[in-house]
Amino acid sequence: MTGITRRQVMVGAGMLALSSGLSGPAFAADEKKVLRVAMTAADIPLTTGGPDNGFEGFRATGYTIYDPLVAWDLTQEKAPAKLVPGLAESWSVDPKDPKKWVLKLRPGVKFHDGSAFTADAVIWNLEKLLNDKAPQYDAKQAAQVRSRLSSAASWRKVDDLTVEITTKEVDSFFPYQLTFLLISSPAQFEKLGSNWDKFAAAPSGTGPFRLTSFVPRERAELVANTDYWDKTRKPKIDSLVLLPIPEPSARTAALLSGQVDWIEAPAPDQIPALKAAGNTIASNIYPHYISYMLSFQPDSPFADVKVRKAVNLAIDREGMKELLGGMMIPAVGSVPPGHPWFGNPGFKIRYDPAEAKRLLKEVGYGPDKPLALKVGISTSGSGQMQPLPMNEFIQQNLAEVGVKLEFDVMEWGALLGRWRAGAQGPANKGLSALYMSSGTFDPFNAFIRFFDSRYAAPNGFNWGGFKDPAYDALIAKMLTTFEPAAQDKLLGELHSKVVDDSLVVWIGHDVAPRGLGPKVKKMVQPQSWYVDFTQVEM
């Protein structure tokens, strides 16, 4: 496929949600505080405790129904979200053996089904993801979460409220991984015949909301958990309704017509109309970037650093920002300048088509031999911003320097599957890159999983199969460094190398625009992928 048409973006799930998902008694009860959210996902994320659909899944059916051991503070807008106690009141590394982490659990917490949260539940949930011989092991959840808990090697119960987890190697960043371990109820699983499909329809976590109903690809309804253990996070709304509407114009139309109260990623060209109709646009700096994740396979054009630099120089990021109504920060690396991890790279990411043409000519590409690239992209999805118009824009930019860019367009869930398979996988044959969004809220997600050879797909998210002993050595040093300032210095060195080697084609940083209807009186837009729906007031 060489281009994208408007007809192709009008995907069926968005239209289905508009025609059938926005009706019914739940929407007519004005006396109830019902928040109706239009997601970019094409389906309801998994409800079992290991959400799919990327971080939008964690936002929608993850941190609503469930709690992690280590949580994020999502109550602040002026600083990046920090780690805070969740179901674990504290965590510490054993000074005699830095591979061992001891977690003290919160007493008195109950699951939605009334059973008690204890160390046994933590062990059970680790096994559901990491032990394929355990009776509760769930391949679907493991596919989403296992790689995010990649450091965990073994675990044991110390007492009813203490768990010890041993990592494979010393990993100073391990607490960040525990934010992805959502704790579902062993008692509810057993009650439902040890069947995850049945559990998905009647899940039980310890979170601030309970799922009461859902129809795949159409809607899910969650109600406030009035017995929630954290009194500071009791929901201020009665229920939360999730609607998959992957097409941005359909989401925008739903908000303008009053059929929903909240939309993710509104269509940029319709933001003025949304504001004129009395809606507000919330946005904030986001620990996130959009990029082309590159293949480093021997037959990939991106195996050559000059090609990588040329493509980076061919993209007009300021023009793309204008296309998006200002709702983007042009990316000059994985993190922005001024970030503690930015470092001091020598290669400057900029728009310089003349230099791009020169570099391509040096490696043998030109009018008689144009560079041909094929990139896998999604129609919509978690953190993908506006993938179709953005990629069309890049396609035009690259054409101006003699590069033919072709797309393989698919749903977000399918793209995630391609990511996990790796560039060497049969499904990805012929692909030079994937258009992906990446979080930079912790060192593992920002850098390690992409540039550490141990995480080469299918073992992790190093999709392109990048391997360099110098990178591996620097990452190993970071993982054994526990002092924050020293960690920042090493992370800056790593990021400088990544930019100088152009291991990524950077596009932009998201500012997480959301359209809010007039019924939404208050929300906190944190500097995070996630939003705490308990803070929303209507």
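Visitor: Which residues are buried in helix 4?

Guide: The model is a predicted one, and a residue counts as buried when its relative accessible area is under 20%. Helix 4 covers residues 54-62, and nine of its nine residues are buried, so the helix is largely enclosed by the rest of the structure. The buried residues are Gly54, Phe55, Glu56, Gly57, Phe58, Arg59, Ala60, Thr61 and Gly62.

Visitor: What percentage of the residues of the chain count as buried?

Guide: The chain contains 19 helices and 19 strands. Of its 538 residues, the share that counts as buried is 59%.

Visitor: What is the radius of gyration of the chain, and why does it agree with a compact globule?

Guide: The C-alpha atoms fill a box of roughly 70 × 60 × 40 Å along the principal axes. A compact globule of 538 residues would have a radius of gyration near 24 Å, and the chain agrees with this because its own value is 23 Å.

Visitor: Among contacts between residues at least 6 apart in sequence, what percentage join residues at least 24 apart?

Guide: A contact here requires heavy atoms within 4.5 Å. Among the contacts between residues at least 6 apart in sequence, the share that joins residues at least 24 apart is 70%.

Visitor: Which residue caps the N-terminal end of helix 10?

Guide: Helix 10 spans residues 248-256, and its buried residues are Pro248, Ala250, Arg251, Thr252, Ala254 and Leu255. Just after this helix, Gly258 takes a positive phi of about 80°. At the N-terminal end, a side-chain oxygen lies 3.0 Å from the backbone nitrogen of Ser249, and the residue that supplies this oxygen is Glu247.

Visitor: Is Ala265 buried or exposed?

Guide: Ala265 is found in the loop between strand 11 (262-264) and helix 11 (271-276). Its phi is positive, about 45°, although Ala265 is not a glycine. The relative accessible area of Ala265 is 14%, and the cut-off for buried is under 20%, so Ala265 is buried.

Visitor: What is the relative accessible area of Ser194?

Guide: Ser194 lies in the loop between helix 8 (186-191) and helix 9 (196-201). Ser194 is not a glycine, yet it has a positive phi of about 55°. Ser194 is partly exposed, and its relative accessible area is 42%.

Visitor: Where is Pro458 found?

Guide: The peptide bond from Ala457 to Pro458 is cis, with omega near 10°. Pro458 is found in the loop between helix 17 (443-451) and helix 18 (469-479).

Definitions and conventions. Residues numbered from 1 in each chain as written. Heavy atoms only, no water. Helix = DSSP H or I, 4+ residues; strand = E, 2+ residues; numbered from the N terminus. Rg over C-alpha atoms; globule rule 2.2 N^0.38 Å. Buried < 20%, exposed > 50% of the residue type's maximum accessible area, 1.4 Å probe, protein only. Polar contact = N/O pair within 3.5 Å; in protein donor to acceptor, adjacent residues only side chain to side chain.
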